[in-house]
Amino acid sequence: MLKFCRTKFVGFERESDDILKIYGTLDDTLYSMQIEIKLQLPELVIQSLTGKMRRFTTPFCEEATNFLTKGAGLKIEPGFQSKVKRLIGRPGCRHFANLINECCESIIPALICMKYKELHEENPEISIAEVIKEVKETYPQIASFCPTYSSLLEK
Amino acid sequence: MVLTYTKNKEVHVFEGENRTSEIRARMYDMCFEGEVTIKTSKTMEILEINGKIFRSFSVQCFESLKLLEKLKGRRIAGGFTKIVYGLIGRTCPYLASLVMECVEGAILGATVGPLEKALPQLWKTPEKFTKKALISFMPQMKNSCIAYTMEDDR
């Protein structure tokens with residue numbers, strides 16, 4: 001018998017040349033919440049973080065929304081996920097922290113997808129390795145926190 | 001505005017015989033699609049673990065699947081996250097993230113039952129719905145988030 005289910009959805013849209021808007025939605029047997037992150041490019045710094053809870057278990061949960069402001073100014077870099085857990089998860093809500101990390105850990109594939117669309121229009125023959133190389137040049141900091149993509153480039 | 005990137009992740013936790021649980025996590029985004037299934041005992045020991053990758057442009061992700069076997073026999077407890085990221089996180093963060101989604105599902109699946117019993121009682125008398133009362137129902141959750149942290153403990 002099914003006793004628990006959770007669905008998370010993450011969506012990225014380009015608000016302007018230097019702002020990425022990220023939406024995150026979490027819906028499960030116990031909780032339902034959403035967040036919106038505005039991310040400064042190319043620095044990968046969170047400009048604003050807002051959210052709301054639609055369903056929760058205790059009357060204290062909603063107060064955790066106040067802790068989302070602590071996310072502003074955080075940079076996506078090594079150690080980012082621990083900072084989110086420490087600043088928003090433990091003192092506020094660990095499901096909010098989980099959703100923020102879910103959104104932000106998608107930054108590399110999202111940047112690759114955006115760059116692929118952009119370069120593919122100019123050159124339909126472009127390979128994914130070439131796209132990743134371009135992304136790495138624009139955002140050199142990603143190499144330090146994603147060995148998978150770095151090693152892909154080395155092949 | 002058109003979305004430039006999307007990701008969907010879902011986890012299902014099923015109750016099996018002898019208090020075992022089967023947890024399935026599936027994820028797909030524009031670059032990757034995969035699934036991890038874990039079977040746990042009543043003590044949260046991993047009895048079975050399997051993974052499938054349907055799409056990925058990283059060869060290493062496909063190669064990481066065999067590493068899942070090393071998690072068999074381990075218990076979901078403190079330090080497990082470090083083990084998962086140490087083992088798989090460097091070669092395939094996607095796969096590591098799916099394993100951790102199963103772990104989160106296993107933990108939340110185990111809290112649904114006690115919460116379903118405790119919460120209706122507590123919400124019946126909101127004036128008595130205190131953090132102290134909540135912690136007495138769910139002592140294992142103490143200091144895990146705002147709801148289970150007494151003001152003095154902050």
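This is a predicted model: local features need pLDDT of at least 70, side-chain atom pairs count only at pLDDT 80 or more; totals for chains, interfaces and linings use all residues.
Q: Where is A:Leu44 found in chain A?

A: A:Leu44 is found in the loop between E3 and E4 of chain A. Residues are numbered from 1 along each chain as its sequence is written, while chains are lettered from A and ligands numbered from 1 in the order in which they are written.

Q: What is the phi of A:Leu44?

A: Phi of A:Leu44 is near 60°, a positive value in a residue other than glycine. In chain B, B:Met44 has a positive phi of about 70°, and B:Met44 is not a glycine either. B:Met44 lies in the loop between strand E3 (33–40) and E4 of chain B.

Q: Is A:Leu44 buried or exposed?

A: The idea is to count neighbours: a residue is buried if 20 or more other C-beta atoms (placed from the backbone) lie within 10 Å of its own, exposed if 12 or fewer, and partly exposed in between. A:Leu44 has 20 other C-beta atoms within 10 Å, so A:Leu44 is buried. B:Met44 is partly exposed because 16 other C-beta atoms lie within 10 Å. For chain A as a whole, 39% of the 155 residues count as buried.

Q: Which residues does a cis peptide bond join, with omega about 0°?

A: That bond joins A:Leu41 and A:Pro42. A:Pro42 lies in the loop between E3 and E4 of chain A.

Q: Why does B:Lys52 count as exposed?

A: B:Lys52 has 12 C-beta neighbours inside 10 Å, so it counts as exposed. Its place is in strand E4 (residues 46–55) of chain B. Not counting residues up to four places away in sequence, B:Lys52 touches B:Gly34 and B:Glu35. The C-alpha atoms of B:Lys52 and B:Val36 are separated by 6.5 Å, and these two residues are 16 apart along the chain.

Q: How many helices and strands does chain A have?

A: Chain A comes to 6 helices and 4 strands, and along the sequence the pattern reads β-β-β-β-α-α-α-α-α-α. Its C-alpha trace spans about 55 × 40 × 30 Å along the principal axes.

Q: Into which domains is chain A divided?

A: Domain bounds come from an automatic or database assignment. Chain A is divided into domain 1 (6–105) and domain 2 (108–154), whose C-alpha centres lie 25 Å apart. Their contact takes 6 residues from domain 1 and 7 residues from domain 2.

Q: How many residues of H2(A) are buried?

A: Helix H2 (residues 94–104) of chain A is mostly covered, with 10 of its 11 residues buried. Leaving aside neighbours within four places in sequence, A:Phe96 is in contact with A:Met33, A:Ile35, A:Gly51, A:Ala64, A:Leu68 and A:Ile88.

Q: Which residues in the largest nonpolar core touch the most other members?

A: In soluble globular proteins, nonpolar side chains tend to be buried together. A nonpolar core is a set of buried Ala, Val, Leu, Ile, Met, Phe, Trp, Tyr and Cys residues joined through C-beta atoms within 7 Å. Here the largest one has 75 residues, and A:Phe96, A:Ile100, A:Ile112, B:Val99 and B:Cys102 touch the most other members. Helix H3 (residues 93–124) of chain B gives the largest share, 9 residues. Domain 1 (6–105) and domain 2 (108–154) of chain A each contribute at least three residues to this core.

Q: How many residues of chain A and chain B does the contact take?

A: It takes 41 residues from chain A and 39 residues from chain B. On the chain A side, strand E1 (2–16), helix H3 (107–122) and helix H6 (147–154) each supply at least two residues, and E1(A) gives the largest share, 13 residues.

Q: In what sense do E1(A) and strand E1 of chain B pair?

A: Strands pair if DSSP finds at least two bridges between them. E1(A) and strand E1 (residues 5–15) of chain B pair in the antiparallel sense over 10 bridges.

Technical notes. Two residues are in contact if their C-beta atoms, placed from the backbone, lie within 7 Å.
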